[in-house]
Amino acid sequence: MIRRPIQILPEQIANKIAAGEVVQRPESVVKELLENALDAGATRIVVAVKEGGIKMVQVSDDGSGMDEADALASFLRHATSKIVTYEDLEEIRTFGFRGEALASIAAVAQVTMKTRRSEDDAATVVRIHGGNPPRVTREGREHGTTVVVQNLFYNVPARRKFLKSATTEFRHVYDAVHRVAISYPEIGLEFISDEDQIFNLPPAPFPQRLREVFGERRLEALIPVEETADLLTVRGYIGKPTFGQKSRANQYLFLNRRYIVSRNINHAVFSAYENLLLKGTFPFFLLFLDIDPRRVDVNVHPSKMEAKFEDEQGVYHFIASLVRKSLASADFVPSLSIRPEAGAAGETGLHFTQRQHAWPGGTPSDAAWNFPAREMIDQRTGEIMPGGAPGGTGLAGRLLGNIDERFAAAGQTVGATGDRTPMSVPGSGPVWQVHSKYILTPVENGLMIVDQHVAHERVLYEKALRRFGTGLTTGQQLLFPRTIQLLPSDYALVEELLKELQQLGFDIKVFGKNTVVVEGVPPDVKVGDEERILEEILTLYKEYRRDSPTAVRDNLAKSFSCRSAVKAGDPLNDTEMRSLLAQLFATTMPYVCPHGRPVVLRISIDELDKRFGRT
Ligand code: ADP
Ligand code: MG
């Protein structure tokens, strides 16, 4: 090949090349423009997109704005107001600093910027379309900046081809806006897609913003974490183990309030959940890392989504041990010391007293930090049956039935996971039931208390999932099949879930006219109760479906276990209690019920000694 002489690439080509790294899809445009707005000190930002951002992205802010000279300069490559010296680069406190976002975007899309400083009379409007020189006009506008980006990749067909459907691109854009909603509660944020308002969040204290973004329900499944070391502060939330996620989508990591992705930190968190998560699920986490900017390099990649920590290993261990500790001290893990102040929300206050980035929302002393998780879920599931005459005969069957399924493995399982089970095989010593609600039994270093309802729930939940897996369940055949008249919506649901219900052990036939005939029930369901239980399962299922519409089996397993389990108020005899404990400790996660409530508590002998003044 003939070698041609070296030439410096014209700025336009250089920008197009650089754009390849900065602008992958509409999401990148939204991210960069949002970051510029934040850097400009905005207090309110409006993001609007059309066709998932492919046709148009518009970001308006009420930040500092620019004069005409800066507005023009902002589109030049390496044009930035954020760093001046190389030393500044060592200590980045802004999102931008490379001065290439606007230049890159303008190289691959049609851009219009309208910007005004409060001290200027009018706004400068700059249009950059294609390789033509920018056109400048003047218009009216409040102070701040609006950038409109149209027809992304209109001049780079090869890249345009790689864009996905508007729906997919929208999802990515949504994620980018969502992240800013989480990390900047003090900023009002409105998001519009194809004329529909997706959300409009007013500035709010952090807890309130989280509630708006995630919903009350989801917050109940989270455990607050916080820890400070010399150079590093970590705070945020981790999901209770039962709040396992089907994907990694719910993992949020912010470094000095910048969203980043870190395999190292993901792994640190994941490793701390070892043995606590069901297979194939991932933990939810939302962590804010605060590190002296000199100890970390965010200039690893043009998109600045990665970071290099000075002490990579140190950060790993810090986070792994923080998460482990938080999981251990959360109240679903057995070792519990009786501190009067230690409730579900005992030590949950997150104190956002950051060095560089104070949370203008103030410290979240908001009552929201007192997660009402237990009380709320209690109302739904753990109620004491008023006068609920427990079926003496049915009960033994429900607890003893299918015990062989896992009983053989029980001792083995407990031994194998001995490091998270600080007790010998529970239930091998004496057992007592108190108030027809809790089971007490001595364990190696103390006393174990088990909530009988949630314990049975955990057992039945895992059984149900296994039955879906194998599809073989012989239920108890009813001597007299029951004909049940259902609500039309329940009837439709039975038809929809027929296969799964049969796998659970319900022998059901549908007869039209909202009528079903139940000929058999799962071994765990009390005969005589089949009508009530079926209806309750369907009702609860509908509730779970609202939250996670696609988790059909999981929702059904949860509904089934909740409604078929022994209740608080059911007396249990010695054999039933032992059987329940054996089955509980053969499950993969004995300490948490499928809703994230604690199943087991442990009071150590040390704690008792302390309480009785023996030490
Ligand atoms: P960077 O953010 O890395 O500096 P950009 O290309 O994103 O590079 O922006 C270039 C410059 O334009 C910024 O440094 C800033 O001075 C100015 N700028 C961009 N967007 C805005 C905005 N929304 N408000 C005020 N100034 C802005
Ligand atoms: Mg920027």
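## Ser559 and its surroundings

In this predicted model, a polar atom of the Ser559 side chain lies 3.4 Å from the backbone nitrogen of Tyr541. Ser559 itself belongs to helix 18, which covers residues 552-564.

Is Ser559 buried or exposed? Its relative accessible area is 0%. Buried means under 20%, so Ser559 counts as buried. Leaving aside residues up to four places away in sequence, Ser559 touches Ile537, Leu540, Tyr541 and Tyr544.

## Helix 11

Helix 11 runs over residues 312-329. How far apart should its ends be? The helix has 18 residues, and at 1.5 Å a residue it should span 26 Å. Its end C-alpha atoms are 26 Å apart, so the two values agree.

Several residues of helix 11 are buried. Among them are Val315, Tyr316, Phe318, Ile319 and Ala320. Leu322, Val323, Ser326 and Leu327 are buried too. What covers them? The cover includes helix 10 (263-272) and strand 13 (285-291). It also includes strand 9 (222-228), strand 10 (232-239) and strand 15 (308-309).

Strand 20 (residues 507-510) and strand 21 (residues 515-521) run antiparallel. Four bridges join them. In one pairing, Lys509 has Val517 of strand 21 as its bridge partner.

Four residues sit between the strands of this hairpin. Here Gly512 takes a positive phi near 75°.

Conventions
Residues numbered from 1 in each chain as written. Chains lettered and ligands numbered in written order. Predicted model: local features only at pLDDT ≥ 70, side-chain atom pairs only at ≥ 80, totals over all residues. Heavy atoms only, no water. Helix = DSSP H or I, 4+ residues; strand = E, 2+ residues; numbered from the N terminus. Expected span 1.5 Å × (residues − 1). Buried < 20%, exposed > 50% of the residue type's maximum accessible area, 1.4 Å probe, protein only. Contact = heavy atoms within 4.5 Å. Pairing = 2+ DSSP bridges. Polar contact = N/O pair within 3.5 Å; in protein donor to acceptor, adjacent residues only side chain to side chain.
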